[in-house]
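This report covers a helix pair, then one further helix and a residue in it. The structure comes first.

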Amino acid sequence: MPAYDQLLSADPAWPELAARAATVAHRVTVLPRQEASARACLEGLQVTTRSPLGAIAHETGGVLIDHGWMRLLGSGHPRLSRTLGGWDADLGIALADFMIVADDVTGGAFAINGGALGPARGTVHYFAPDTLRWEDLKLGGYGAFVSWAFAGDLATFYANLRWPGWEAEAEQVGGDRALSLYPPPWTAEGKDVSRVSRRAVPVAEV
């Protein structure tokens, strides 16, 4: 098993990712890392900082996107304590099956497929709260997913799950909570999310 120092690349992916984040600073909030947590997260994942996954794990406490609507997991921060790899362990999910790398305030989750979500290993899938199915985003791997999260058309992607004034509500939810929607969006009665009950609860409940 490679030691921590062996996971630190001389050609890290973070400078390029940070530059992308800076161009969309109105939409992306990079949470600062804590050194010990960053080291532990990287060692747990056993990926190098040359990879986008290793870069996010080692250089950020997580990333909040679009008023906190989407949360990219990192090495942990008071505003987003769940971590890459650690959140799977908390939920009893084997990393060999899939690794949750992000989620959103409506209970959707993004995961790298390890084989349990279909034959396309390494691709990012989305668990949609309005269909209760894992869907291949057709973006490719984690790096492409991060680029899409930073600058892609989230408004269209989430068109069926947003309501007037969602921005202010999302900002109040917090990185470790999600909205319990009732009736839920996968029911006929819950399709119009502007008319349902929305209550912030610990994300594990959703």
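## Terms and model

Buried means under 20% relative accessible area, exposed over 50%, and partly exposed in between, with a 1.4 Å probe and protein chains only. Helices (H or I, at least four residues) and strands (E, at least two) are DSSP runs, numbered from the N terminus.

This is a predicted model: local features need pLDDT of at least 70, side-chain atom pairs count only at pLDDT 80 or more, and totals for chains, interfaces and linings use all residues. Residues are numbered from 1 along each chain as its sequence is written, and side-chain values use heavy atoms, without hydrogens and water.

## Helix α7

Helix α7 spans residues 166-173. Its buried residues are Trp 166, Ala 170 and Val 173. Viewed down the axis of α7, they fall within an arc of 55°, so they line one face of the helix. The arc is taken over directions from the helix axis to the C-beta atoms. Their cover includes β3 (70-73) and β8 (177-182). Gly 174 follows α7, with a positive phi near 95°.

## Glu 169

Glu 169 sits in α7. It is partly exposed, at 23% relative accessible area. Beyond neighbours within four places in sequence, Glu 169 is in contact (heavy atoms within 4.5 Å) with Trp 163, Leu 179 and Arg 198. Trp 69 lies 100 residues from Glu 169 in sequence, and 9.1 Å from it C-alpha to C-alpha.

## Helices α1 and α5

The axes of α1 (residues 14-23) and α5 (residues 142-151) come within 10 Å. They cross at roughly 20°. That makes α1 roughly parallel to α5 (angles under 35 degrees). Axes here are lines fitted to C-alpha atoms over the stretch in contact, and angles run from 0 to 180 degrees between N-to-C directions.

From α1, Leu 17, Arg 20 and Ala 21 make the contact. From α5 come Gly 143, Val 146, Ser 147 and Phe 150.

Conventions:
Parallel < 35°, antiparallel > 145°, perpendicular 65-115°, else oblique.
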